[in-house]
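Please look over the sequence and the model before reading on.

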Amino acid sequence: MIQPYDDTYFMKQALIEAKEAYKKGEVPIGAVIVCENKIIARGHNLTETLNDVTAHAEMQAITSAANFLGGKYLLDCTLYVTIEPCQMCAGALFWSQISTIVFGARDQQRGCINLNTKLHPKTKISGGVLEEESSQILKKFFIEKRNLN
């Protein structure tokens, strides 16, 4: 029996955020931050909407979670994000001291793993949760973008 609050459940919530970004014409990446099996923050890419290169899904979720918790550290929190964090987001996650990062699809070109970006020593990272769904929405978005140009 599947537990209602497992990695798959929370990644599905991140995918809902990615779909919100997609509807807005943003690169469809979504994120949620969970503490004690409760979603405390949601975010999706808003770089086009806000005209801000730092408005990635993870950054939106980090700010929201810090506001919810009333502090800058995300100890005992887990980030679920549909794609592996980039260097910028991994740097912010380092400073937040988030406990766990779970991502859907790898980003072989811009992801923090291949770029050897350091995370906080206590942060655990794992990937591949709903990997196919996470990569499909990105592929669909970029195919549509190319066909419009």
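In which order do the elements of the protein chain run from the N terminus on? They run α-β-β-α-α-β-α-β-β-α, which comes to 5 helices and 5 strands. Helices (H or I, at least four residues) and strands (E, at least two) are DSSP runs numbered from the N terminus.

The model is predicted, with local features needing pLDDT of at least 70 and side-chain atom pairs counting only at pLDDT 80 or more, while totals for chains, interfaces and linings use all residues. Residues are numbered from 1 along each chain as its sequence is written, and side-chain values use heavy atoms, leaving out hydrogens and water.

**Overall form**

- The C-alpha trace spans about 45 × 40 × 30 Å along its principal axes.
- Of the 149 residues, 47% count as buried (under 20% relative accessible area, with a 1.4 Å probe and protein chains only).
- Among contacts (heavy atoms within 4.5 Å) between residues at least 6 apart in sequence, 55% join residues at least 24 apart.
- Carbon and sulfur atoms hold 52% of the accessible surface of about 8400 Å², an area that comes from the Shrake-Rupley method with a 1.4 Å probe.

**Strand E4 and its partners**

- In strand E4 (residues 100-105), 6 of the 6 residues are buried.
- Strand E3 (residues 77-83) runs parallel to E4, joined by 5 bridges; two strands pair if DSSP finds at least two bridges between them.
- Between E3 and E4 the chain passes through helix H4 (residues 87-96), and this β-α-β crossover is right-handed (with the strands pointing away from the viewer, the path from the first strand over the helix to the second runs clockwise).
- Leu79 stands opposite Ile101 in E4.
- E4 also pairs with strand E5 (residues 124-127) in the parallel sense, over 4 bridges, and Phe103 stands opposite Gly127 in E5.

**Helix H1**

- The 17 residues of helix H1 (residues 7-23) should span 24 Å at 1.5 Å a residue, and the end C-alpha atoms are 24 Å apart, which agrees. The expected span is 1.5 Å times one less than the number of residues.
- Buried residues of H1 include Phe10, Met11, Leu15 and Ala18.
- The buried residues of H1 pack against strands E1 (30-35) and E2 (38-44), E3, E4 and helix H5 (131-148).
- Gly25, which follows H1, has a positive phi near 80°.

Definitions and conventions. Buried means under 20% relative accessible area, exposed over 50%, partly exposed in between (1.4 Å probe, protein chains only).
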